[in-house]
Amino acid sequence: MIELYDDKYYMRRAIDEAKIALQKNEVPIGAVIVSNNQIIARSHNLTETLNDVTAHAEMQAITSAANYIGGKYLKDCTLYVTLEPCQMCAGALYWSQISKIVIGASDSHRGFRTMKTKLHPKTKITDGILSSESKVLIDEFFEKKRKLK
């Protein structure tokens, strides 16, 4: 039996957010945070829009989810993010004590694993959900940027 609200479903919602970022000429990374099969936070990169290097999709989602639940710990929540979190975002996710992170595409250049950043010991990770869809958005974005130089 196929579960309607599975990892692919929520990753598609994160990809929808990445597409919104793309429309804003932001790096197309999207994130959603889920609790009890309900999306409690949606976000996408806003670093260019806000002129803020910390305005990554994950950071925006953490803040939104914490506001929604009225607390700083996301112990019963899952983050769906289209690209592996960077070191900064992984640090914030560590402190949020998020229960699970579901990653679309890996980031071999700036991802938290390459940087050897630790997550909270209780955080579970699922990798590669709709990775090709996530990677295509990012690859096409940077390809276009290189052509404009």
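Trainee: How many aromatic pairs does the structure hold?
Mentor: This is a predicted model, and it holds 6 aromatic pairs.
Trainee: What about Tyr 5 and Tyr 10, are they stacked or edge-to-face?
Mentor: They are stacked, because their planes stand at 25°, under the 30 degrees required. The ring centres of Tyr 5 and Tyr 10 are 6.2 Å apart.
Trainee: How are the rings of Phe 141 and Phe 142 arranged?
Mentor: That pair is edge-to-face, since the planes are at 85° and the cut-off is over 60. The centres of Phe 141 and Phe 142 lie 5.0 Å apart.
Trainee: Where do those two stand on burial?
Mentor: Phe 141 has a relative accessible area of 7% and is therefore buried. Phe 142 is partly exposed, at 35% relative accessibility.
Trainee: Back to the tyrosines: which residues form one aromatic cluster?
Mentor: The cluster consists of Tyr 5, Tyr 9, Tyr 10 and Tyr 80.
Trainee: Changing topic, which ring does the charged end of Arg 13 sit over?
Mentor: Arg 13 places its charged end over the ring of Tyr 9, 4.6 Å from the ring's centre. Tyr 9 is also one of the cluster members.
Trainee: And what does Lys 75 lie over?
Mentor: Lys 75 lies over the face of Tyr 73, and the distance to the ring centre is 5.5 Å.

Key: Residues numbered from 1 in each chain as written. Predicted model: local features only at pLDDT ≥ 70, side-chain atom pairs only at ≥ 80, totals over all residues. Heavy atoms only, no water. Phe/Tyr/Trp six-rings, centres within 6.5 Å; stacked < 30°, edge-to-face > 60°. Buried < 20%, exposed > 50% of the residue type's maximum accessible area, 1.4 Å probe, protein only. Lys NZ or Arg CZ within 6 Å of the ring centre and 35° of its normal.
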